[in-house]
Amino acid sequence: MSHPLTSHSLTVDAPGRSPLRITLTVLGALAVVATYAFLIVSQPADVVNGPTAASALVALTGYGLAMVFLFAGILPTLPTTTLALIPVALVLNIVLGQFVGTTLVPIYLDSIGTVLVGFLAGPAAGAATGLLSTLVWSFFNPTVLPFAAGAAAIGALAGLTARMGLVRRFYVLPLAGIVTGFIAALIAAPVAVAVFGGTATGATGVVIAVFRAAGDSLAESVTKGAIISDLSDKLVTFVVAAALAYALPRRSTQRFAFVRKHRVLAGAKSTARGADGEAAPAA
């Protein structure tokens, strides 16, 4: 009889990719895209007035449904004891984002928690965490709500980065952060123009103003400003999130089926397929 406290018993084997989980993930992605499209097309300036505004309610509902769908699909894959990581990630995002937003530094640092969850639990978990973080933050800073789609994309791209094995390849990880930053900027720029008229505060606003003074159009200036800020921000964010992942006890990170299955972190033991088809730590 095996001892109840063997290393295998300390992990949780995730269920396979059932049709229901795939459907929930797709519904979540569609809800994100639909809500993002609504904000771009309707250009609701009142969305920054908080939950009392009609457009804000639509955005909260759309992104909220997306978050529910994504979490419903990935919760069975997460060990119960490690679900505490998600609220910690939320606090990290909001505290850092709120603090850095008051400085003249042209970066945000408001997605480190989201990227950390994406690294450890996969694309869907990262996207759901990005959405949840933005929705919670929006109740006392409504200006972040329109950028929820970008937060979801950052979490999903972090998960894909980990799945491709780039977190254990330190020399490639910064490049993955730069690529993520470029994509995040392309998602954020249309929202900044449609909802905020291209205005921005802090260092990003200064960068946009410089491009406007040089003769660029509003859309060009906002896009260039977003790219400059996001490239550096996501490079730093990916490196810091990876450092946090490696700083966590191996006993904790190996509880994540995603980490075990895709050997996300350098130095992890090789995995073997169990009877249920899921990856399990090698003995």
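The model is predicted, so local features need pLDDT of at least 70 and side-chain atom pairs count only at pLDDT 80 or more, while totals for chains, interfaces and linings use all residues. Residues are numbered from 1 along each chain as its sequence is written, and side-chain values use heavy atoms, with hydrogens and water left out.

The protein has 11 helices and two strands. Helices (H or I, at least four residues) and strands (E, at least two) are DSSP runs, numbered from the N terminus. Along the sequence the pattern is α-α-α-α-α-α-α-α-α-α-α-β-β. Of the 283 residues in the protein, 48% are buried, where buried means under 20% relative accessible area, exposed over 50%, and partly exposed in between (1.4 Å probe, protein chains only). Contact means heavy atoms within 4.5 Å. Among contacts between residues at least 6 apart in sequence, 70% join residues at least 24 apart.

Two packed helices are described by the angle between their axes and the distance between the axes. Axes are lines fitted to C-alpha atoms, for helices over the stretch in contact, and angles run from 0 to 180 degrees between N-to-C directions. Angles under 35 degrees count as roughly parallel, over 145 as roughly antiparallel, 65 to 115 as roughly perpendicular and the rest as oblique. A crossing is left-handed if the near helix is turned anticlockwise from the far one by less than a right angle, and right-handed if clockwise. For residue classes, Ala, Val, Leu, Ile, Met, Phe, Trp, Tyr, Cys and Pro count as nonpolar, Asp, Glu, Lys and Arg as charged, and the others, Gly among them, as polar.

Helix 1 (residues 19-42) and helix 2 (residues 54-74) have axes that come within 7 Å and cross at roughly 160 degrees. Helix 1 is therefore roughly antiparallel to helix 2. The crossing of helix 1 past helix 2 is left-handed. Residues of helix 1 in this contact include R21, L24, A31 and F38, and those of helix 2 include S55, Y63, F69 and G73. By class, the contact of helix 1 with helix 2 has 14 nonpolar, six polar and one charged. The loop between helix 1 and helix 2 holds Q43, which has a positive phi of about 45 degrees although it is not a glycine.

Q43 is also one of the residues touched by A194, together with L39 and I40, when residues up to four places away in sequence are not counted. A194 lies in helix 7 (residues 173-196) and is buried, with a relative accessible area of 12%. A194 and V41 are 153 residues apart in sequence, yet their C-alpha atoms are 7.8 Å apart in space.

Helix 2 also packs with helix 5, at an angle of about 145 degrees and with the axes 9 Å apart. This crossing of helix 2 and helix 5 is left-handed. Among the residues making the contact are L60, M67 and I74 of helix 2 and A124, L131 and S138 of helix 5. The contact of helix 2 with helix 5 has 14 nonpolar, three polar and no charged residues.

Helix 4 (residues 112-121) and helix 5 (residues 123-138) have axes that come within 7 Å and cross at roughly 160 degrees, which means that helix 4 is roughly antiparallel to helix 5. Helix 4 passes helix 5 in a right-handed crossing. T114, V117, G118 and A121 of helix 4 make the contact with A125, G126, T129 and G130 of helix 5. These residues divide into three nonpolar, five polar and no charged.

Within helix 4, T114 is buried, with a relative accessible area of 2%. Leaving out residues up to four places away in sequence, T114 touches A89, N93, G126, T129, G130, A151 and G155. L109 is placed in the loop between helix 3 (85-100) and helix 4. L109 has a positive phi of about 55 degrees although it is not a glycine, and L109 is buried, with a relative accessible area of 16%.

I228, in helix 9 (residues 218-247), is partly exposed, with a relative accessible area of 42%. Apart from neighbours within four places in sequence, I228 is in contact with V207 and F211.
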